[in-house]
Amino acid sequence: MSDGPGSGGGSSDGGGGSGDDGGFGFETRAIHVGQDPDPATGAVVTPVYLTSTYAQEAVGKHKGYEYSRSGNPTRTALERCLASLEGAAHGLAFASGLAAEDAVLRLLSLGDGVVLSTDAYGGTYRLISKVHTSLSHTAVDLTDASAPWPVGVKMVWVETPTNPRLAVVDIAAVAARCRAVGALCVVDNTFATPYLQQPLALGAHVVVHSSTKYLGGHSDVVGGFLAVADDGLAEQLRFLQNAVGGVPGPLDCYLVLRGVKTLAVRMDRHCSNAAEVAAMLRAHPGVEEVFYPDASEVAARQMRGFGGMVSFTVRGGEAVARDVAARTRVFTLAESLGAVESLIEH
């Protein structure tokens, strides 16, 4: 088995910690961490615990679970597995990627400043600018190491590769700069996945995923995830996870956990397919520009592959672009990414 990037690590916190990974490689951990055979029946697949509450042996004495907003065994299995894959001490699953992002933003206080990329996912920008309006926000080109940040910034929100132009940000450089000014470095790792890139190992404080995408991998579930190395930060986020309640149901956790088992082999094929698509587009006379990070020195240094996303602009403007998106046969015109079918969107 390939070891993949990173070896996992950290101790279990009784909830979503990565626990003892046994020194196994990425693919083995994706299949086994948090997923021992069920002790009651011997089932080799993690059961879907469809329960809202749990019998207690006595007042204040339970078997690790009391109410499924606070914790559910299927969710615990997912959190431990994904934490291991990100090399994190703690993992927290949420009902969507934006629910996970919302919990991270709630770490900040009135007036705190957030820096985010000029090429940020629209849902992240909407959440910061339209919902967390008590925070100040500044868009900065994070691919430019010399770009100034506002004084007193408390959080820097990194996407790499970015959505949709696939620009690459040097995570280690941004994380070091964050630590120097006392800011949290948050990295959205959805496009790369933990198989291709591990931001915590590069100095980030928090890793965010829309597990709807590559982690789930089959267009049949919506979810989010946070990976954290620091115990204190994890405690704050776990409080918010429970207090706000944006948690996934057990069936959603099961579906993401099922998808993760094939993440490594899927990402290898995503990368090779995307490279061929990018090469074809670069040679096409109707294509003006192709965005794919295979020429980036930073990407080559911090990623083990360049991902399954390709963006491009066509000659002729918006009308031609809309026509291209409408006339594909194998590619389905639909939002989202990261699943087994190929999608296209304008």
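Contact here means heavy atoms within 4.5 Å. The legends below describe a predicted model.

**Figure 1. The whole chain, with its overall dimensions.** Among contacts between residues at least 6 apart in sequence, 65% join residues at least 24 apart. The chain holds eleven helices and eleven strands. Its C-alpha trace spans about 70 × 45 × 35 Å along the principal axes. A compact globule of 346 residues would have a radius of gyration near 20 Å, and the chain agrees because its own value is 20 Å. Buried residues account for 49% of the 346 residues. The accessible surface comes to about 15800 Å². Carbon and sulfur atoms hold 55% of that surface. The chain carries 26 positive and 36 negative charges.

**Figure 2. The largest nonpolar core.** This core has 37 residues. Leu-78, Leu-82, Leu-85, Tyr-195, Leu-196, Val-260 and Leu-263 touch the most other members. Several elements give two or more residues to the core: helix H1 (26-32), helix H2 (73-85), helix H6 (193-196), strand E7 (224-228), helix H8 (250-260), helix H9 (263-282) and helix H10 (297-302). H2 gives the most, with six residues.

Figure 3. Leu-82 is among the residues that touch the most other members of the largest core. Which residues does Leu-82 contact, leaving aside its neighbours within four places in sequence? They are Leu-215, Phe-225 and Val-260. Val-260, like Leu-82, is listed among the residues touching the most other core members. Another core lies apart from the largest one. This other core has 27 residues, including Leu-107, Trp-157, Leu-226 and Leu-240.

**Figure 4. Helix H4 and the elements around it.** H4 covers residues 122-131. Its buried residues are Gly-123, Thr-124, Leu-127, Ile-128 and Ser-129. In an α-helix there are 3.6 residues a turn, so residues three or four places apart point the same way.

Figure 5. Is Val-115 buried or exposed? Its relative accessible area is 0%, so Val-115 is buried. Val-115 and Ala-139 are 24 residues apart in sequence. In space, the two are 5.9 Å apart, C-alpha to C-alpha. Not counting residues up to four places away in sequence, Val-115 touches Thr-138, Val-140, Leu-142, Pro-150, Val-153, Met-155, Val-156 and Trp-157. Trp-157 is also one of the residues in the core of 27.

**Figure 6. The loop between E4 and H5.** Helix H5 covers residues 171-181. Most residues other than glycine have a negative phi, and most peptide bonds are trans. Pro-161 lies in this loop, and the peptide bond from Thr-160 to Pro-161 is cis, with omega near -10°. Pro-164 lies in the loop between E4 and H5 as well. A cis peptide bond joins Asn-163 and Pro-164, with omega about 15°. Leu-166 is also placed in the loop between E4 and H5. Its phi is near 60°, a positive value in a residue other than glycine. Leu-166 has a relative accessible area of 6%, so this residue is buried.

**Figure 7. Ser-219 in the loop between E6 and E7.** Strand E6 covers residues 206-210, and Ser-219 sits in the loop between E6 and E7. Ser-219 is not a glycine, although its phi is positive, at about 55°. Is Ser-219 buried or partly exposed? With a relative accessible area of 47%, Ser-219 is partly exposed.

**Figure 8. Val-324 in helix H11.** H11 covers residues 318-327, and Val-324 lies within this helix. At 25% relative accessibility, Val-324 counts as partly exposed. Which residues does Val-324 touch, not counting those up to four places away in sequence? They are Phe-312, Val-314 and Ile-344. Val-324 and Ser-296 are 28 residues apart in sequence. Their C-alpha atoms are 27 Å apart in space.

Notes: Residues numbered from 1 in each chain as written. Predicted model: local features only at pLDDT ≥ 70, side-chain atom pairs only at ≥ 80, totals over all residues. Heavy atoms only, no water. Core = buried A, V, L, I, M, F, W, Y, C linked by side-chain atoms within 4.5 Å. Buried < 20%, exposed > 50% of the residue type's maximum accessible area, 1.4 Å probe, protein only. Helix = DSSP H or I, 4+ residues; strand = E, 2+ residues; numbered from the N terminus. Rg over C-alpha atoms; globule rule 2.2 N^0.38 Å. Areas by Shrake-Rupley, 256 points an atom, 1.4 Å probe, with all protein chains shown as cover. Lys, Arg positive; Asp, Glu negative; His and termini not counted. Charge placed at Lys NZ, Arg CZ, Asp CG, Glu CD.
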